[in-house]
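The points below may be read in order, with the structure open alongside.

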Amino acid sequence: MSTAVSEPKKTVKNDRVTSISDLFPAKTEKEIKQQKMGAWVRAIWMISAHLGCIAGFFFFSWKAVFVGVFIYWITGGLGICLGFHRLLTHRSFQCPKWFEYFLTVCGILALQGSQVYWVASHRAHHLYSDQEGDPHSPRKGFWWSHCMWLFDTKWLSTDDLSARFAGDLLKDPGQRFIEKFQLVPIVLLGMGLIALGWEYFVWGFVIRMVVCYHGTWFVNSASHIWGYQNYDSGDDSKNLWWVALLSFGEGWHNNHHAFQSSARHGLRWWEVDTTFITIKFLSLLGLAKNVQVPKEVGATS
Ligand SMILES: [Zn+2]
Ligand SMILES: [Zn+2]
């Protein structure tokens, strides 16, 4: 069932850019104004979402917390880690189209932008890891890599970015359909939770979303600063246990940079990788095929 992937891959040294601006065509004044407006909207959204978490003190029930944890797994675990990252970005396994679309919708519900934008910016990160062109290297500071890059107008050029790095998704009519109507499942989930009661909305939508933001952002920040390296991946990526716990195994980030197309990120016995466990389970059900793993651990997977 598993397929061995090649030896550790060092960051490519060609196709360097001298400035992030090299990646994107020059903008007109009107477009620059729109990008600035987009950055403000995103900043207001993020500040409001974090302030909204305070409501958790006033609207609380254990049932709502449990629902929040479950939706965190669906949107963060299945949607972002399994769907957006290991499937759509790296194609580390194959699955039926309907299941790919299901995972994509789960990822949309994490409210981290469209799958096309997410995949494009993450592929840019791998291509230019910790070099000029990397959207979120901590060499520009912890907070830059954690979240401030999200408000950089250049990385809001979603059309340019998507065309350059995610052409495969743009060619897929199903993916384009999901991107076009991405607000529909988000609004339906929000309304469904409000119908259950405000505590379900606060824990299942707002707090769950903010925790998932930081779980994802720590992969970009902490996992490029602290931890250990098993491989010389040619960048600052590290393996960091607490990020792996928070992000369903994504914190084994140095392993991932070394073997980018591997479905398995935790490669030592103690490097627990719940997303890979899920992929193994899916392969038993026949929903995951051609699962990629590195040669040296292939025998134990
Ligand atoms: Zn990746
Ligand atoms: Zn990285």
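1. Helices (H or I, at least four residues) and strands (E, at least two) are DSSP runs, numbered from the N terminus. With that convention, F248 is found in the loop between α11 and α12. The phi of F248 is near 60 degrees, a positive value in a residue other than glycine. F248 counts as buried because 26 other C-beta atoms lie within 10 Å; the rule is that a residue is buried if 20 or more other C-beta atoms lie within 10 Å of its own, exposed if 12 or fewer, and partly exposed in between, with C-beta atoms placed from the backbone.

2. This is a predicted model, in which local features need pLDDT of at least 70 and side-chain atom pairs count only at pLDDT 80 or more, while totals for chains, interfaces and linings use all residues. Residues are numbered from 1 along each chain as its sequence is written, and chains are lettered from A and ligands numbered from 1 in the order in which they are written.

3. On confidence, pLDDT is the predictor's own estimate for each residue, from 0 to 100. The mean pLDDT of the protein is 91, and 90% of its residues reach 70 or more. Over residues 10–14, however, the pLDDT is below 50, and this stretch has 8 contacts in the model beyond near neighbours in sequence. Two residues are in contact if their C-beta atoms, placed from the backbone, lie within 7 Å. Where pLDDT is low, the predicted coordinates should not be read in detail.

4. On overall form, the protein has 14 helices and 2 strands. Its radius of gyration is 19 Å, which agrees with the value near 19 Å for a compact globule of 301 residues; the radius is taken over C-alpha atoms, and the globule rule is 2.2 Å times the number of residues to the power 0.38. The C-alpha trace spans about 50 × 50 × 40 Å along its principal axes. Of the 301 residues, 44% count as buried. Among contacts between residues at least 6 apart in sequence, 71% join residues at least 24 apart.

5. Which residues have the most contacts inside the largest nonpolar core? They are F93, V119, A120, V243 and I279, in a core of 59 residues. Such a core is a set of buried Ala, Val, Leu, Ile, Met, Phe, Trp, Tyr and Cys residues joined through C-beta atoms within 7 Å. Elements that each supply at least two residues of this core include α2 (62–89), α6 (158–165), α10 (198–220) and β2 (291–294). The largest share, 13 residues, comes from α10. In soluble globular proteins, nonpolar side chains tend to be buried together.

6. A120 and S162 may be inspected as a pair. Apart from neighbours within four places in sequence, A120 is in contact with L161, S162, R164, F165 and A166. S162 lies in helix α6 and is buried, with 21 other C-beta atoms within 10 Å. With the same exclusion of sequence neighbours, the contacts of S162 are V116, Y117, A120 and L170.

7. I207 is placed in helix α10 and counts as buried, with 22 C-beta neighbours inside 10 Å. Residues up to four places away in sequence aside, I207 touches C53, G56, G68 and V202. The C-alpha atoms of I207 and V65 are separated by 9.3 Å, although these residues are 142 apart along the chain.

8. Helix α1 (residues 29–52) has 24 residues and reaches 34 Å from its first C-alpha to its last, close to the 34 Å expected at 1.5 Å a residue; the expected span is 1.5 Å times one less than the number of residues. The number of buried residues in α1 is 0, so this helix lies largely in the open. In α2, with 28 residues, the end C-alpha atoms are only 35 Å apart, short of the 40 Å that a straight helix would reach. α2 bends by about 40 degrees at G83, the bend being the angle between axes fitted to the seven residues ending there and the seven starting there. Just after α2, R91 takes a positive phi of about 50 degrees.

9. Two further sites remain. N290, in the loop between α13 and β2, has a positive phi near 50 degrees and counts as partly exposed, with 14 C-beta neighbours inside 10 Å. H253 lies in helix α12 (residues 253–258) and counts as buried, with 28 C-beta neighbours inside 10 Å.
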